Amino acid sequence: MQQLIILAWRNLWRNRRRTLITLASVFMAVVLAIAIRSLQKGAYSNMIGNAVRFSTGYLQVQAKGYWEDKSINNSFTADTSLDQTLQAEPNISLAVPRLESFALASSGLHTKGVAIIGIDPVQENQLNSLEEKVAKGKYFHRGGGQGLLIGDGLANYLRLQLGDTLVLMGQGYHGSTAAAQYPIQGIFHFPLDQLNNSLVYLALPDAQAFFAAPGRLTSVSLMLDDPAAMEATARSLQRALDSTRVVLQWPVMNKSLVQEIQGDNAGGIIMLGILYLVVAFGVFGTILMMTMERKKEFAVMIAIGMHRIKLTAIVMLETVLIGLMGIVAGCVLILPVLLYLYQHPLALTGSTAQIYQEFGLEPIMPVSVDPAIFFYQGITVLAIALVSTLYPLWYINRFRIPEALKQ
Amino acid sequence: MQFSGVTGEWNNSFKTNVMSVIEIQQLTKTYRETLVPVHAVNGIDLKFEKGEFTAIVGPSGCGKTTLLNLMGGIDRPTSGQILVEKVDITQLTASQLVDFRLYNIGFIFQSFNLIPVLTVEENVGFVMELQHRQREEITARIQYLLTAMGIAEKTKLRPKYLSGGQQQRVAVARALAAKPKFILADEPTANLDSKSTNTLLNLMASLNEKEQVTFIFSTHDQRVMDKARRIITLEDGKVISDTSVKHSHAEAQN
Ligand SMILES: Nc1ncnc2c1ncn2[C@@H]1O[C@H](COP(=O)(O)OP(=O)(O)OP(=O)(O)O)[C@@H](O)[C@H]1O
Ligand SMILES: [Mg+2]
């Protein structure tokens, strides 16, 4: 074995320049592949983190059937056992209860369909800093008997001011009629007009009273300490809950985000594919040349008593050495860069940055330093390098010695 | 019962009085990929005894290289047998042939063919490493052979820093290192000047006597033929003469 390693190592440096060029191609591919993956994964987890913050949470507990039919009749009772179950799950960092349904909002001659969201003011604020979005008036405190918050878009449409009264009409729990009027205690502004035009917030007890659904919720959104463990948390939570309640994961609830990420990811994979091709051809060319130009030497070694399998091992060792050196060098270069970017993320600029800021998010582009990225890219590049030696290896095991010796 | 160094196995065979190292029977090699079939070796019968110093001569294309390749087990005959100590090597598998060569044959090539990335001593030690010999034994034999070949001071150099004559002396040392039963050399002096040829031949001849190893070489070179004690002449793949020359190496050196 030692003999084989010596031969492989020295052979690599016989044509120093060619080996260095091949190494450089592996190195560049590894650096770029890891950088691409790191940026993509960082961006995705950031996108997901932000998206779930303003919509569903990573997980949501709902009554069975609510997702298919978002009716207030498919709500469930928030009892202490649910509370205990959520408390017992260590990965859950925040649980945000909501009661959501639809109603008609009218003022004077104007009427508009709106989404009513009954919220726990403290939890909701922890989730998405709703309080900061209240541009006029004041945010909720805990308890009932409060007014409502509407978006500035809706306020304009209905020609309403702070302190004016808004009439809500809709259907309550089990077909009861829901109708009430509330003073506008705050006007909020979100960067998305769609939200400003159609959202109405009530304090949770007021919403429950309005819909005649005391103590009931349509969902509890959950934020997680470790989003990567979402799957496991969902499973364990589902086991702890009875079958009338289901735990949904964000990809089920936010298909468009999944698609967006998949689309972007596919682009990244194509980039990676191109990089892998560069590696494959670089290594293939070098190993093939290294094999062909040593044909006579190999023939001599076989003639004087070396088995072809050992030559195969030498060529594989050469490939692994080139691959590993390129991979290690690539990782050594990119790791400190990524660690730096992880601590000091790139700042977003322009309109994107503005939107981030208006949502109360830091306008940054984080990177991921997940060790799995390094591991998988390393393994993939090594595997590709080895696959590209298949032809030279096949050749080594069948070329004829007398002809090779004649050269 | 007898232990066969060829296959590394015990086998039943009766010892004959004079032991032929190699016995070739009705050997042919025909190339049919050509337009007209080429009978490169065309029905050859030959015996080689232990300690021979034999030249195979003949015009270009007469089949010298082909014959040596067949005897060395690096090419397959079309028909016939090659018995090395009663074992027919034409029946061995490719993998068995590798081990057969490792333990029985030393090769010397026209263009030296040392392994360029190994030093002189590593080249000589290469086959002994393949044979898994003890480190001390390998070191001692490298020292002995390189001293005998007069290149002991070059042990740490790579082949490219040696002259052709020196490289070929290393190649002879490498061929002898494994203590083979016989050494096959295809035109070993063709790339050497006359001075180097002389030196090499004298060294080969003296090692032939010291180690009692059989040397079989092909040549075009009259000076090489002059040193041989047996000359086999081929023409069109056939033996046309086989003569023993009665002189000792000592005489030939004068
Ligand atoms: N692979 C091959 N395919 C076809 N014909 C071959 C092949 N190898 C050798 N021959 C033919 O076999 C014959 C013997 O060739 P060989 O190389 O043994 O001759 P040689 O005596 O060694 O010649 P030289 O003195 O020039 O080295 C020649 O006619 C040659 O053309
Ligand atoms: Mg020849």
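Which residue has a backbone N or O atom 3.0 Å from an oxygen atom of ligand 1? Hi everyone, the answer is B:Gly63, and I'll come back to that site in a moment.

A word on the ground rules. This is a predicted model, where local features need pLDDT of at least 70 and side-chain atom pairs count only at pLDDT 80 or more, while totals for chains, interfaces and linings use all residues. Residues are numbered from 1 along each chain as its sequence is written, chains are lettered from A and ligands numbered from 1 in the order in which they are written, and side-chain values use heavy atoms, with hydrogens and water left out.

Let's start with the ligand. The site is shared between chains, because residues from both A and B surround ligand 1. Besides the B:Gly63 backbone, two side chains reach oxygen atoms of the ligand. For B:Thr65, a polar side-chain atom sits 2.6 Å from one; for B:His220, a side-chain N or O atom is 3.0 Å away from one. I'm calling a polar contact a pair of N or O atoms within 3.5 Å; within protein, one must be able to donate a hydrogen and the other to accept it, and residues adjacent in sequence count only if both atoms are side-chain atoms.

Now the chain interface. Here 21 residues of chain A are in contact with 24 residues of chain B, contact meaning heavy atoms within 4.5 Å. Together the two chains bury about 2,100 Å², 63% of it on carbon and sulfur atoms. That area is the accessible area (1.4 Å probe) that two parts lose on being put together, summed over both. On the chain A side, A:Gln3, A:Arg10 and A:Ile304 supply 30% of the buried area, more than any other three residues.

What about polar links across that interface? There are eight residue pairs in polar contact, both at pLDDT 80 or more, and two salt bridges. A salt bridge here is a side-chain nitrogen of Lys or Arg within 4 Å of a carboxyl oxygen of Asp or Glu. The side chains of A:Arg400 and B:Asp75 meet in a salt bridge at 3.3 Å, N to O.

Which elements of chain A each supply at least two residues to the side that touches chain B? They are α1 (2-12), α12 (295-303) and α17 (401-406), where helices are DSSP runs (H or I, at least four residues) numbered from the N terminus. The most come from α12(A), with six residues. By class, this side of chain A divides into 11 nonpolar, four polar and six charged residues.

On to chain A itself. An automatic or database assignment divides chain A into domain 1 (2-52 + 257-406) and domain 2 (65-242). Their C-alpha centres lie 50 Å apart, and the contact takes five residues from each domain. Domain 1 and domain 2 of chain A bury about 480 Å² between them, 70% of it on carbon and sulfur atoms. Of the area domain 1 buries there, A:Val52, A:Glu358 and A:Phe359 supply 85%, more than any other three residues. Between these domains we count zero salt bridges and zero residue pairs in polar contact, both at pLDDT 80 or more.

One last stop. The whole structure holds 19 salt bridges over all chains. In one of them, the side chains of A:Glu293 and A:Arg18 meet at 2.6 Å, N to O. A:Glu293 lies in the loop between α11 (255-292) and α12 of chain A and A:Arg18 in helix α2 of chain A, so this pair ties together parts 275 residues apart in sequence.

Technical notes: A residue is near a molecule or strand if one of its heavy atoms lies within 4 Å of it. Ala, Val, Leu, Ile, Met, Phe, Trp, Tyr, Cys and Pro count as nonpolar, Asp, Glu, Lys and Arg as charged, and the others, Gly among them, as polar.
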